[in-house]
Amino acid sequence: MTRLASEPAPLPRRTAGWILCVLALGGFAIGTSEFAMMGLMPELVRAFGVTEPQVGHMISSYALGVVVGAPLLAVLGAAWPRRSLLIALMAFYALGNLATALAPSYPTMLLARFVAGLPHGAYFGVAMLVAASISAPGQRGAAVSRVLLGLSIAILLGNPLATWLGQISSWRWTFALVAGLALVTAACVWRLLAPTPADAAQTPMRELRAFNRAQVWYALAIGAVGFAGMFCVFSYLAPTLIHVTGVAERWIPVALAAFGVGAIAGNLAGGWLFDRLQFRAVAVILGWSLGVLLLFPLAAQTPWSILPAIVALGTMGALAPVLQARLMDVAGDAQTLAAASNHAAFNTANALGPWLGGLAIGAGLGWTATGYVGAATAAAGLAIYLYARRDAHRAQLADAAC
């Protein structure tokens with residue numbers, strides 16, 4: 001990874017640890033807001049007098065905000081000091097969630113969710129760069145995974161707590177509290193992270209020019225396609241449990257918790273794998289994902305096999321820190337834009353996976369067909385990886401010849 005002049009030097013382990021915890025807190029706030037919509041769906045249906053698919057549009061509106069906002073805000077904030085940019089992004093996120101909490105109607109709720117999604121990718125992108133820059137060179141993957149750990153904990157704890165709060169009080173309190181967490185994160189970043197000068201050489205046009213690298217696009221394509229399989233299965237997990245496994249609805253939160261456990265394990269494993277295997281870790285994770293997805297239809301038949309399968313499904317999240325670190329290595333001067341765009345790629349996977357799974361289910365192939373569809377996307381991601389490796393090898397040979 002290229003170290004820029006505006007980046008801080010590696011910090012003492014304890015100081016860096018506190019900063020990583022603060023950055024993970026921001027990730028927890030973002031993850032809770034993003035995934036809370038699924039658990040709060042019945043409350044939102046009653047509050048706005050809409051259907052479940054219309055609530056689904058609120059989820060899509062947020063994802064669209066991530067896809068639009070990640071590259072846009074990264075480019076606009078390219079020359080900002082990273083400390084100031086993190087604070088501004090968290091304040092922006094607080095504003096978007098406060099607007100969500102106060103939304104009086106369905107159209108304003110759609111707009112509020114879009115606004116809330118805008119700083120999502122840029123925050124994670126800048127947070128990853130800060131995490132890597134304050135850590136020892138051989139621990140960058142682990143540092144990135146610790147920031148993403150906040151997102152995984154949000155799946156395990158934040159989402160169930162948000163659902164519980166919405167059931168006993170009001171769904172609006174969930175998003176108001178997320179806004180508060182975002183402000184706390186901004187305050188802690190201001191307190192703990194030392195200011196660094198702005199990098200005058202980093203301009204929006206420089207970010208855009210440097211972003212035009214084949215290896216950057218390969219990494220983003222791997223995330224957008226190879227990660228779609230997890231979302232394909234996870235999006236239809238509840239009906240699969242009810243109609244295929246044959247369990248009662250009360251077991252769905254247990255299944256979601258199992259997925260969260262797998263997500264945390266996968267996140268930590270991804271950072272560990274990258275520090276040891278670098279880009280080759282992608283092949284290991286996608287190979288594992290292919291096996292998990294192919295076995296899922298069989299595992300879904302009984303309660304005793306479905307839970308381990310769901311944990312294994314969550315471990316596919318190991319791909320996120322690996323691709324994030326890979327982008328830092330190949331982005332050159334487009335560090336902020338590339339790191340932020342990784343989350344736009346994963347939100348593309350979040351849209352692609354459920355859509356492909358829905359096509360298979362609508363064609364009468366059954367709920368477990370999502371496993372086979374997801375395996376196909378994992379295989380496609382693996383093919384992109386192999387092509388990227390071949391292209392990188394050709395470039396190395398050409399450089400050596402010169």
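User: Hi! How far apart are Arg46 and Glu43 in helix α2?
Analyst: Arg46 and Glu43 are three residues apart in helix α2 (residues 41-48), so about one helical turn separates them. Helices here are DSSP runs of H or I with at least four residues, strands are E runs of at least two, and both are numbered from the N terminus. This is a predicted model, in which local features need pLDDT of at least 70 and side-chain atom pairs count only at pLDDT 80 or more, while totals for chains, interfaces and linings use all residues. Residues are numbered from 1 along each chain as its sequence is written, and side-chain values use heavy atoms, with hydrogens and water left out.

User: What do the side chains of Arg46 and Glu43 meet in?
Analyst: They meet in a salt bridge, at 3.2 Å from N to O. The term means a side-chain nitrogen of Lys or Arg within 4 Å of a carboxyl oxygen of Asp or Glu. As background, an α-helix has 3.6 residues a turn, so residues three or four places apart point the same way.

User: Is Arg46 buried or exposed? And is Glu43 buried or exposed?
Analyst: Arg46 is exposed, at 60% relative accessible area, whereas Glu43 is buried, at 12%. Buried means under 20% relative accessible area, exposed means over 50%, and partly exposed is in between (1.4 Å probe, protein chains only).

User: How many salt bridges are there in the whole structure?
Analyst: A search of the whole structure finds two. Besides the bridge between Arg46 and Glu43, Asp391 forms one with Arg394, where the closest N and O atoms are 3.2 Å apart. Asp391 and Arg394 lie in helix α17 (residues 369-401), three residues apart, or about one turn of the helix. Arg394 is partly exposed, with a relative accessibility of 36%.

User: Switching to packing: at what angle do α12 and α15 pack?
Analyst: Helix α12 (residues 252-277) and helix α15 (residues 319-330) pack at about 35 degrees, and their axes are 8 Å apart. Axes are lines fitted to C-alpha atoms, for helices over the stretch in contact, and angles run from 0 to 180 degrees between N-to-C directions.

User: Which residues meet there?
Analyst: From α12 come Asn267, Gly270, Gly271 and Phe274, and they meet Pro321, Val322, Ala325, Arg326 and Asp329 of α15. Contact means heavy atoms within 4.5 Å. The residues of this contact divide into four nonpolar, three polar and two charged. In that scheme Ala, Val, Leu, Ile, Met, Phe, Trp, Tyr, Cys and Pro are nonpolar, Asp, Glu, Lys and Arg are charged, and the others, Gly among them, are polar.

User: How many residues of α15 are buried?
Analyst: 11 of the 12 residues of α15 are buried, so this helix is mostly covered. The buried residues include Leu319, Gln324 and Met328. Following α15 is Gly332, which has a positive phi, near 60 degrees.

User: And α16, how many of its residues are buried?
Analyst: 20 of its 28 residues are buried. The end C-alpha atoms of α16 (residues 335-362) are 41 Å apart, which agrees with the 40 Å that its 28 residues should span at 1.5 Å a residue. That expected span is 1.5 Å times one less than the number of residues. Just after α16 comes Gly364, with a positive phi of about 85 degrees.

User: What is Asn347 in contact with, leaving aside its neighbours within four places in sequence?
Analyst: Asn347, found in helix α16, is in contact with Glu34, Ala63, Val66, Val67 and His120 once those neighbours are left aside. Asn347 is buried, at 6% relative accessible area.

User: Last topic: how many aromatic pairs are there?
Analyst: The count comes to nine aromatic pairs. Rings of Phe, Tyr and Trp (its six-membered ring) pair if their centres lie within 6.5 Å; planes under 30 degrees apart are stacked, over 60 edge-to-face, and the rest tilted. The rings of Tyr123 and Phe124 have centres 5.7 Å apart and planes at 70 degrees, so that pair is edge-to-face. Phe227 and Phe346 also form an edge-to-face pair, with 4.6 Å centre to centre and 75 degrees between the planes. This pair links distant parts of the chain, 119 residues apart: Phe227 is in the loop between α9 (214-226) and α10 (228-235), and Phe346 is in helix α16.

User: Which residues form an aromatic cluster?
Analyst: Phe48, Trp171 and Phe175 form one aromatic cluster.
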